[in-house]
Amino acid sequence: KMKTVGEPTNKNKRMKVGHGHAPITRIDSETGKKVNKHNRIVGTRSCSDTTSIIEKALHETFAPLGLDRIATKGEIGKTRTRTHTNPLGIQFAVAPEAPKWENVYTDPTKPLFVDIGCAAGRFGISAAKHPKWKSYNHLGFEIRDPLVERANLWAKKLQLGNCHYICASANVSMKQLLKDYPGSVKVVAVQFPDPHFKRKHHKRRVVQKSFVNTVASLLPKEGIFFLQSDVEEICAEMRDRVDLNQYFSRAPEHKYTERDSFLDKVQCANGLLEANSDCPKVWTKDGKRFLAGGKDFGDWLIGENPVGIPTEREVQNKALNEPIYRCFFHRNDVPFENDIDDQIGEIKDRLEHALTVAAASKAFAKLIVEGFGAIETELTATDNAATSSELLKECKLRANELATSLNQLHEISKSSVDLLINITETSTKDPKEYAPVLRSTKEGIASILKENELTCEP
């Protein structure tokens, strides 16, 4: 079809703003900054000019490690992953088997430095070679498996006998994986964790109150708990949760900026975000202080990173002159005691995982039934063996997935019962207080069965 000269094409019409589509950018009323349709600030890390700055800074910092010269694609394939992975997914519901420490470390009795959310793993490799930390073994927890595979391959090629990585959720697995470590856990670092800004996703944040107690149970006296983030809301929540924990104290040699009394410590630790009748709004959507003009709430560690080694995210922030919030704690001499309330919370978390697994099991079972129904129809209609073979293969795949998820459900249920037994054997509380724990567990299991239309013997 001939077009009139100058007539816009259909593509240009679609690209043009004003044909029933929302504007590409707008000014955010809270921050005053230009944001796109996904409420992301325009002109930040994803822009080409800042990308080149970041790439240059990363190269200058990590080039001495020689990782660019190590070919990994041929052995493990591509390592590009989703930026955000759900740590509460069913694949992380059960702790993996602990490695044989003598196989991953040259000397498994060395003190252990644990890096939670180690991302690509460059920090751990740098620390393993750093004069200050090379006498330690280094263990990174990460939930993106391709990054873990590549980091372990890097460590192997560099012949580092003190660096290893594990694909697991630290909230679920850390205590179980490290309980038989031959040496002592001396340092735990949580650096730039995923902020999970949405309220419904706050339970995915790594530094929950139960996690702080897990770290306290692992660290010896004077053990180090180091936290840092480029999102003030996240670091403030982590800091105040540790501050309110009886097992940690701030290192006296470190100085902090003055704290604004407006930010209540208890409310911050509990995740205060939205405005209500008693308190105005505290945080913006991207975790900054609300209507503060760049000013923060204070109470942050003064000076450079006390660990002395930057992470990838830290290098990016320094290159862009973005703020970094830090705090540094020592394990004090208060003897650790299991808290029944924390253990109840752990049981509830496991039941939530069980609910997710049970839902997946039901979905897989439904697919298997539908698959066999399709095979029957196919054979009846056409007697096509080739098509039926493909359907059978699909059913086999779904059956294997069903078996895996049911095994996970069994492991979660078993671990919950083991935890209950541990509570009754070790707690010094009145036995009558066990009744609510047992009742909540029973109700949780009953809800799983009812929700997924499952049945079992009494």
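Helices (H or I, at least four residues) and strands (E, at least two) are taken here as DSSP runs, numbered from the N terminus. Counted that way, the protein chain has 14 helices and nine strands. The model is a predicted one, so local features need pLDDT of at least 70 and side-chain atom pairs count only at pLDDT 80 or more, while totals for chains, interfaces and linings use all residues. Residues are numbered from 1 along each chain as its sequence is written, and side-chain values use heavy atoms, with hydrogens and water left out.

Of the 458 residues in the protein chain, 41% are buried; buried stands for under 20% relative accessible area, exposed for over 50%, and partly exposed for anything in between (1.4 Å probe, protein chains only). The accessible surface of the chain comes to about 26,200 Å², and carbon and sulfur atoms own 53% of that. These areas come from the Shrake-Rupley method with a 1.4 Å probe, and for residues only the protein chains shown count as cover. As for contacts (heavy atoms within 4.5 Å), take those between residues at least 6 apart in sequence: 78% of them join residues at least 24 apart.

Next comes the sheet. Seven strands make up an open sheet in the order β5-β4-β3-β6-β7-β9-β8, and the pairing is mixed. Two strands pair if DSSP finds at least two bridges between them. At the edges stand β5 (163–167) and β8 (248–250), each with a single partner strand, so one side of each has no neighbour in the sheet. From one strand to the next, the twist averages 20 degrees. Strand β4 (residues 137–142) and β5 run parallel and are joined by five bridges; in one of the pairings, E142 has C167 of β5 as its bridge partner. Helix α5 (residues 122–129) packs on the sheet, where it touches β3 (112–116), β4, β5 and β6 (185–191). The direction of α5 makes about 155 degrees with that of β5, with axes being lines fitted to C-alpha atoms, for helices over the stretch in contact, and angles running from 0 to 180 degrees between N-to-C directions.

The aromatic rings come next. Rings of Phe, Tyr and Trp (its six-membered ring) pair if their centres lie within 6.5 Å; planes under 30 degrees apart count as stacked, over 60 as edge-to-face and the rest as tilted. By this rule the count is twelve aromatic pairs. One of them, W101 with Y105, is stacked, at 6.0 Å centre to centre and 5 degrees between the planes. W101 is buried at 5% relative accessibility, and Y105 is buried too, at 1%. The rings of W300 and Y325 have centres 5.1 Å apart and planes at 50 degrees, so that pair is tilted. W300 sits in the loop between α10 (265–269) and α11 (312–319) and Y325 in strand β9 (residues 325–331), so the pair ties together parts 25 residues apart in sequence. Both W300 and Y325 are buried. Elsewhere, F113, F123, W133 and Y136 form one aromatic cluster.

R239 is buried, with a relative accessible area of 0%, and R241 is buried at 12%. The side chain of R239 reaches the backbone oxygen of D299 at 3.2 Å, while that of R241 reaches the backbone oxygen of V207 at 2.8 Å. Leaving aside neighbours within four places in sequence, R239 is in contact with L227, R250, R259, L263, G298, D299, W300, C327 and F329. On the same terms, R241 is in contact with V207, Q208, K209, V212, A269 and N270.

Last, a look at the backbone. Most residues other than glycine have a negative phi. A119 is not a glycine, yet its phi is positive, at about 55 degrees. A119 lies in the loop between β3 and α5 and is partly exposed, at 25% relative accessibility. N321, also not a glycine, has a positive phi of about 55 degrees. N321 is found in the loop between α11 and β9 and is exposed, with a relative accessible area of 70%.

Methods:
A polar contact is a pair of N or O atoms within 3.5 Å; within protein, one must be able to donate a hydrogen and the other to accept it, and residues adjacent in sequence count only if both atoms are side-chain atoms.
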